Number of protein chains: 4
Amino acid sequence: MEKVLNKIIENNINLTKEGKVADYIPALKKANPNNIGICIVDLEGNTYKSGDCNVKFTIQSISKVITLMLAVMDNGESYVFERVGYEGTDEPFNTLYKLDLPHIRKPANPMINAGAIMTTSLVKGGHGERFNRILELVRKVSNNPNISYNEEVYLSEKATGDKNRALANIMKARGMLEGDVEEILDDYFKQCSIEVDAVDLANIGSFLAQGCKGLESYGNVTREKLTSILLGIMTTCGMYNFSSEYIVEVGIPSKSGVGGGIMGAVPSKLGIGVYSPALDENGNSKAGYGMMKDLAKELNLKLF
Amino acid sequence: MEKVLNKIIENNINLTKEGKVADYIPALKKANPNNIGICIVDLEGNTYKSGDCNVKFTIQSISKVITLMLAVMDNGESYVFERVGYEGTDEPFNTLYKLDLPHIRKPANPMINAGAIMTTSLVKGGHGERFNRILELVRKVSNNPNISYNEEVYLSEKATGDKNRALANIMKARGMLEGDVEEILDDYFKQCSIEVDAVDLANIGSFLAQGCKGLESYGNVTREKLTSILLGIMTTCGMYNFSSEYIVEVGIPSKSGVGGGIMGAVPSKLGIGVYSPALDENGNSKAGYGMMKDLAKELNLKLF
Amino acid sequence: MEKVLNKIIENNINLTKEGKVADYIPALKKANPNNIGICIVDLEGNTYKSGDCNVKFTIQSISKVITLMLAVMDNGESYVFERVGYEGTDEPFNTLYKLDLPHIRKPANPMINAGAIMTTSLVKGGHGERFNRILELVRKVSNNPNISYNEEVYLSEKATGDKNRALANIMKARGMLEGDVEEILDDYFKQCSIEVDAVDLANIGSFLAQGCKGLESYGNVTREKLTSILLGIMTTCGMYNFSSEYIVEVGIPSKSGVGGGIMGAVPSKLGIGVYSPALDENGNSKAGYGMMKDLAKELNLKLF
Amino acid sequence: MEKVLNKIIENNINLTKEGKVADYIPALKKANPNNIGICIVDLEGNTYKSGDCNVKFTIQSISKVITLMLAVMDNGESYVFERVGYEGTDEPFNTLYKLDLPHIRKPANPMINAGAIMTTSLVKGGHGERFNRILELVRKVSNNPNISYNEEVYLSEKATGDKNRALANIMKARGMLEGDVEEILDDYFKQCSIEVDAVDLANIGSFLAQGCKGLESYGNVTREKLTSILLGIMTTCGMYNFSSEYIVEVGIPSKSGVGGGIMGAVPSKLGIGVYSPALDENGNSKAGYGMMKDLAKELNLKLF
């Protein structure tokens, strides 16, 4: 297996030179564009690694899967999806305009920013505690109790999050979002700043791949339903408006983040974490996408 | 197997009373709302049936899968997807407004009406021949050389297709669509009026499930890629803006039509055709959706 | 007065070289870009001319004022404005997208194409007769019984009117527009092809300036109200999304057409017709706009 | 004159019972719905009053005229209108969605909230000083040095201004708005909370009606141009998407505020201030609109 992974890294290392590290906040710009790593964790917990698997980066949008998970366990499926849509969208990750149209009553799905801010707000516990519970769940499903967040990235996100602030405020003005806008955003910015490495992502993927096995309690949802929700939404919305093309090309339910990570879950088989901070024009890791395509083919992991 | 199917029909027969037969054209209103049928065809060609499997109905939007197939074989993947998007959408099947926005250069995907009219226009052969080739391919992949179209439904669609006419004309005005608008629409209305039964749909599903095996030629695409495209797009766009919730609930790549049919393809396993003309508010067969959910659970067919 | 007009032509003749004759239909391209003319008709009927005042051109969108007039006389103010909005818009003349949004029930105003197609449909008489009555009214208010339409331009508009066809069909699909779409468009394309010269436009302006005096009957509206409606809507919508800047710069209720004409009405003072077929990027006559600005200043005609 | 005004109040007093006092912030709810007043100031400074002309209320959106005035004097016409549009709109006062569309580069006009927040940001002086200069100009043009703002209303607006916060943040995120969002909003909320009475409004109207005569300096614009800009934009945008119907019905350049005031300016004739806090569904003073209609007719003030 390690041989396969090494070869895949070799095949894609050139892509690290073509992409561009995210620069919308100063803290993200510090990432080393040459870093590249893959990790696979199978259902027995065997871990296969190649490349820079111990380099830490911020989880960014991959956290949205965990927040959705917690929001559903806290409130049940129907409560959550009355407040956030169940629909893939052809709009970009930070789309806002529909939230101003009278017939629209909720953000399209929990993977775009508006929907993710909504699911963060639905996590129980109030300001601060909300974030603590999200962090705790990330630690649990990645099997890594040492995970924490990057203060510098968090403060940067907070200082420059004008669009997210616009999203939260319009949802508040429309009566969609409950609670204090700045407090919700604070927890949201913190959750995006959680630091992980490729191994952590592979462990999260493996957790999902085995049907979310291993939690003491699933709250207001069954384990089976929770798995269908998370993998279903990763499939149709996980790569934003690129999701449809991605599922054709890669065929693995996945979620990416602008930190440079992609987390994949092959049902009943294994979890994947890839990392490379140079991004393509869609905001996905350029080499990461290349590695996912190769992995899917080499290991025969495509859904269809 | 037939026992399972019988039971599933029994469990869902009440739903036929809750839905409403499509009435936007007089010809569709004539369907018998009490009809209900399931058919399964496995990869060996074994056929399992229950209920009204020989009742004919119009294929409607399910034809979009075949047209996309032909357009891609005729022109190659990249040519087609430069003209129609690869993106699921949270807008309804007949959405138009984005086609008038300056930054939008193509319809979101080939399953919404705008995108389907586009793919019909991309099928080679010109007016009439375009339709003949679509019909021929439907016959081939359903293994039924007797399939034809319903003249009355076709004429009805043509007489009342104002929204489709608006869609084609705006794409023409924006320079997206090439060719004569009324000729393209004529072929499109005819393709929607092709008559099938549940067995035909199950055979189409089975063809897709076995990776599109059996054609003499695949034109400008490989068989593997064609399969990924069709099942991928059915997964993210096949039930319109309900696709994401559907993939969570049913977990089978599918395509529905307002004629009352749903066609499903379980990769490497089997094809499914269900029929019941009473529709829910999304325009999907009400009992059909119920039967798909039960089938997925009973036969363990969910992707995740 | 003629001296003033001569000087204004002199001052603006260079602008005829900067603009571009409309080329979206072949017939319009034949206009002579060097033509330039002004005509003023005061309330006593005195006519003052300078330049090419006898060159014929098609009235195009200026006809929308006459159609609105006839629709209101035929049906009354409230009937008409239940079907077309009373609202200026920041969208271009051929905007469509809002007509697809659920909360929108009518086109914004009778000066954009969608709204003008609607008012044409509201003119009584049915196909053909509708156009005849519009033409008759143009003849009456311009005091020129010889006005007719240009067959070549009409056929060109009809052959290339994809966007107008999209507008009419979506209004039909949404239940806004009643009647046969192609018949309504036929009358609409004909009305745009009516041929006038600068003198005719000045006479129309003069008719409006004196409060629409002189008709035998005003149907379902008072003469005073009709005048307020026409001048009010010319003020807020007559130059499309340029109306607001135009009213600041020129300060005269006006309506332009892509044929190169602008018609202006200074309440209780006089009517203006200017002509020059080279257009600016907004589709307004380039030298025409320049002449209107100069006229307003030289003759002290600004509303404010 | 006073007799006419008394009669107009009498005719419209019943409308005070049909409207509804603004309740989106608690402080506004305290207004007495029975209050009704008219004041007229002619160009010689003669003041005619009837009804509750000394009741104070917050100026709200009427302040947008003064802010636009100051922004243009500070920066010149072209600088301002490169940052805010010159276009009437069929969208409501707090419309946001277009600011998220890629082809839109600025808010439609300075009378909708987005545009007004923009013009506030363009007033020179920075946080606090910006507001002081706006207040100073209100005092000058209303000829009332005692005008101040209502602290309670200001704090209420600030606490509940979610939509305005969304507007400012999206303009910031799109690179339209420069400066600190919360500081700009702070000045904006304060400017809306300036307290005036009907006499003050009539004085402002009179100032505009006489071509903005009386300032020591007009900065980067001429007095004539400034007048055209303010009256032109009041005409096409002053009553939001109701502006076009209003100019037909009333025919006087005007600006309304949700505090219940309407300020009107009849060029070269007189200024008008009306007050009645009960609003119609468009957010305009119900009796205020009635009184403006009657005034225009009785005193023959309509533009056309």
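Predicted model: local features only at pLDDT ≥ 70, side-chain atom pairs only at ≥ 80, totals over all residues.

Start with chain A as a whole. Its secondary structure comes to 14 helices and nine strands. The C-alpha atoms of chain A fill a box of roughly 55 × 40 × 35 Å along the principal axes. How does its radius of gyration compare with that of a compact globule? For 304 residues, such a globule would have a value near 19 Å; chain A has 18 Å, so the two agree.

Now the domains. Chain A is assigned two pieces: domain 1 covers 2–59 + 196–298, and domain 2 covers 61–192. Between the centres of domain 1 and domain 2 of chain A lie 20 Å, taken over C-alpha atoms. How many residues are in contact? On the domain 1 side of chain A there are 36, and they touch 35 of domain 2 of chain A. Look at the domain 1 side. Five elements of chain A each supply at least two residues there: α3 (26–29), α11 (198–209), α12 (223–237), β6 (254–256) and β7 (261–266). Which one gives the most? That is α12(A), with eight residues. By class, this side of domain 1 of chain A has 21 nonpolar, twelve polar and three charged residues.

Next, the two chains. Here 29 residues of chain B are in contact with 29 residues of chain A. On the chain B side, α12 (223–237) and α13 (243–249) of chain B each supply at least two residues. The largest share comes from α12(B), with nine residues. The chain B side divides into twelve nonpolar, 13 polar and four charged residues.

Last stop: a helix pair in chain B. Two packed helices are described by the angle between their axes and the distance between the axes. Take helix α8, residues 151–160, and helix α10, residues 181–192, both of chain B. Their axes come within 8 Å and cross at roughly 135 degrees. α8(B) and α10(B) are therefore oblique to each other. The crossing of α8(B) past α10(B) is right-handed.

Which residues meet there? From α8(B), we have B:Y154, B:E157 and B:K158. From α10(B), they meet B:D186, B:F189, B:K190 and B:C192. By class, the contact of α8(B) with α10(B) has three nonpolar, no polar and four charged residues.

That's the tour. Questions are welcome.

Technical notes: Residues numbered from 1 in each chain as written. Chains lettered and ligands numbered in written order. Domains from an automatic or database assignment. Contact = placed C-beta atoms within 7 Å. Helix = DSSP H or I, 4+ residues; strand = E, 2+ residues; numbered from the N terminus. Nonpolar A, V, L, I, M, F, W, Y, C, P; charged D, E, K, R; others polar. Axes fitted to C-alpha atoms, helices over the stretch in contact; angles between N-to-C directions. Parallel < 35°, antiparallel > 145°, perpendicular 65-115°, else oblique. Left-handed = near helix turned anticlockwise from the far one by under 90°. Rg over C-alpha atoms; globule rule 2.2 N^0.38 Å.
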